[in-house]
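I opened a new page for this structure. My notes follow in the order in which I looked things up.

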Amino acid sequence: MSDLIHSQVKPSRQSKLTPATTEFTGVTQKQVDQAPTFQEALGSFKEWLGEDTYYLCTWGPDDKYQLISHRHLHKEPLDWLSVHQAPQQ
């Protein structure tokens with residue numbers, strides 16, 4: 001198993017990226033057009049995690065918010081995510 005997984009996700013609400021988004025992220029419209037849906041990417045991610053203990057680290061609270069928001073939008077369970085704790089500052 002690889003130590004790293006990476007995937008763009010095809011937008012479900014706004015299918016066209018703005019020039020500002022492409023400039024900020026470096027992600028192109030072609031990349032997201034060819035990307036898996038949220039459900040497909042989440043399925044691949046959970047498969048990649050497997051059954052071993054894992055630690056999910058994020059750059060900031062926005063990552064957690066986006067994951068929970070998209071999970072709710074797509075009616076996907078989060079029972080595989082047991083705890084999320086922000087680092088102490």
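I began with burial in helix 3 and found F38, A41, L42, F45 and L49 as its buried residues. Next I looked down the helix axis. The buried residues of helix 3 fall within an arc of 100 degrees, so they line one face of the helix. I then asked what covers them; the cover includes helix 4.

I noted that the model is predicted, so I checked confidence before going on. The mean pLDDT of the protein is 83, with 89% of residues at 70 or more. Helix 4 (residues 61-73) has the lowest confidence, at a mean of 81. Helix 2 (residues 29-33) has the highest, at 95.

Back to geometry. Helix 3 runs over residues 38-49, 12 residues in total. I get 16 Å from its first C-alpha to its last, close to the 16 Å expected at 1.5 Å a residue. Just after helix 3, G50 takes a positive phi of about 70 degrees.

How many aromatic pairs does a search of the whole structure find? I got one. It joins F45 and W48, with ring centres 5.9 Å apart and planes at 20 degrees. Planes under 30 degrees apart count as stacked, so the F45 and W48 pair is stacked. The two residues sit three apart in helix 3, a separation of about one helical turn.

Are F45 and W48 buried or partly exposed? F45 has a relative accessible area of 17% and is buried. W48, at 23%, is partly exposed. The cut-off for buried is under 20%.

Key. Residues are numbered from 1 along each chain as its sequence is written. This is a predicted model: local features need pLDDT of at least 70, side-chain atom pairs count only at pLDDT 80 or more; totals for chains, interfaces and linings use all residues. Side-chain values use heavy atoms; hydrogens and water are left out. pLDDT is the predictor's confidence in each residue, from 0 to 100. Helices (H or I, at least four residues) and strands (E, at least two) are DSSP runs, numbered from the N terminus. The expected span of a helix is 1.5 Å times one less than its number of residues. Buried means under 20% relative accessible area, exposed over 50%, partly exposed in between (1.4 Å probe, protein chains only). The arc is that of the directions from the helix axis to the C-beta atoms. Contact means heavy atoms within 4.5 Å. Rings of Phe, Tyr and Trp (its six-membered ring) pair if their centres lie within 6.5 Å; planes under 30 degrees apart count as stacked, over 60 as edge-to-face and the rest as tilted.
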